[in-house]
Amino acid sequence: MYLSYEKDNTLFSKCIDLMDSIFPGIKKIAMFGMEYNARWDKISLPFVIKDKDEVIAHLGIIPMDVMLNNKHQRIAALHGICVKESHRRKGLFDALMNESMSYIHQHFDASVLFTDNYTLYKKYPFKFHKEYNFLYKADKSKQTTSGLRSLDIHHPSDLNLIRELITNRLSLSNKFSVMDGFTLFILYNFNKKIFYSDEYDLIILYEIVSSNLHVKDILIKNQLPIEVIINLIPETFKQVIFEFIPDHFHITDLEPIEAYPECGIMVSENFLFNDDYFRFPEPYRC
């Protein structure tokens, strides 16, 4: 059931059509990524069940290089798990999960998946992992001139800049951080703004929600004080909420607050996080 997109140039189209029928809108995102060399079919390993030539069940694995507990590890992110409605309750979901688990055991250190339906996976070696954001008291009461410009991924120079920063990024955390992920980063940001500082050669993803500055990711090659980075942001805010583990910034007065992402994370039994407060960054969820 483990097939190859490279060996069958029609397979990805069939898989993405099935996924889009279950998760509407996913095909639009995938097609968008292809325009900017952020190709889903180049990073995902497809496990597929067919009925004649029709794809009726799919499970994908996206390999990820991560920093976990001060150690580089290779993990598998399961995604796009679905069975055509007319073929459900026939054991196809079980077959996909069991084969993919066997493959992951041989090739990866651990695995994760993102879901809003945890009961689907209770019989498999996954458990829900609570997540936390990190609150930082940094009140900015006056709007300033922006130290940032918005990148346009339609421009090859901006797209190359993003790729270069992701490739050479400084890990934001030794506890947990994603060390690659260009394709997922582009797919996540297909309708969002990406901000860049020419002065410091850094990218920051953020949004202001209810007077709170939510920082979702920082791509940076050299260490900077966090105050320098957040002072680049022109808007006012009452406090900062980091949606990743920011231990490399050595901030002493962080307050963990429970996070409630749209889809929670489940981790395999060999995904052993050695701290109390875990967070998987939003731009690399799948």
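Author: In the hairpin of β10 and β11, two residues lie between the strands, and S210 adopts a positive phi near 50 degrees. Please bear in mind that the model is predicted.

Reader: How many bridges join β10 to β11, and in which sense do the strands run?

Author: The general idea is that strands of a sheet pair through backbone hydrogen bonds, either parallel or antiparallel. Here β10 and strand β11 (residues 212-220) run antiparallel and are joined by eight bridges. Within this pairing, L205 is opposite D217 of β11.

Reader: What does β10 form with β9, and how many residues lie between them?

Author: β9 and β10 form a hairpin too, with four residues between them. In its turn, D201 has a positive phi of about 50 degrees. Strand β9 (residues 195-197) pairs with strand β10 (residues 202-209) in the antiparallel sense, over three bridges. The bridge partner of S197 is L202 in β10.

Reader: In what order do the seven strands of the open sheet follow one another?

Author: The order is β7-β9-β10-β11-β12-β6-β13, and the pairing is mixed. At the edges stand β7 (149-150) and β13 (255-258); each has a single partner strand, so one side of each lacks a neighbour in the sheet. Helix α5 (residues 156-167) packs on the sheet, where it touches β7, β9, β10 and β11. The direction of α5 makes about 100 degrees with that of β10.

Reader: Which residue of β12 stands opposite F134?

Author: F134 has F242 of β12 opposite. The strands concerned are β6 (residues 132-136) and β12 (residues 239-242), which pair in the antiparallel sense over three bridges.

Reader: Let us turn to helices. At what angle do the axes of α1 and α2 cross?

Author: Two packed helices are described by the angle between their axes and the distance between the axes. For helix α1 (residues 11-22) and helix α2 (residues 26-35), the axes come within 8 Å and cross at roughly 140 degrees. The two helices α1 and α2 are therefore oblique to each other, since an angle must be over 145 degrees to count as roughly antiparallel.

Reader: Which residues of α1 and α2 meet?

Author: From α1 the residues are F12, I16, D17, M19 and D20; from α2 they are I26, K27, A30, M31 and M34. By class, this contact of α1 with α2 has seven nonpolar and three charged residues, with no polar ones.

Reader: Which residues of α2 are buried, and which are exposed on the other side?

Author: An α-helix has 3.6 residues a turn, so residues three or four places apart point the same way. In α2 the buried residues are I26, A30, F32 and G33. Viewed down the axis of α2, these buried residues fall within an arc of 160 degrees, so they line one face of the helix. K28 and E35 are exposed on the other side of α2. The cover over the buried residues of α2 includes α1, α3 (40-43) and α6 (182-188).

Reader: Which residue just after α2 takes a positive phi?

Author: That residue is N37, with a positive phi of about 60 degrees, although N37 is not a glycine. N37 is placed in the loop between α2 and α3. With 48% relative accessibility, N37 counts as partly exposed.

Reader: Where is N70 found, and what is its phi?

Author: N70 is found in the loop between β2 (54-68) and β3 (71-83). N70 is not a glycine, yet has a positive phi of about 65 degrees. At 58% relative accessibility, N70 counts as exposed.

Technical notes: Residues numbered from 1 in each chain as written. Predicted model: local features only at pLDDT ≥ 70, side-chain atom pairs only at ≥ 80, totals over all residues. Heavy atoms only, no water. Axes fitted to C-alpha atoms, helices over the stretch in contact; angles between N-to-C directions. Parallel < 35°, antiparallel > 145°, perpendicular 65-115°, else oblique. Contact = heavy atoms within 4.5 Å. Nonpolar A, V, L, I, M, F, W, Y, C, P; charged D, E, K, R; others polar. Pairing = 2+ DSSP bridges. Buried < 20%, exposed > 50% of the residue type's maximum accessible area, 1.4 Å probe, protein only. Arc of directions from axis to C-beta.
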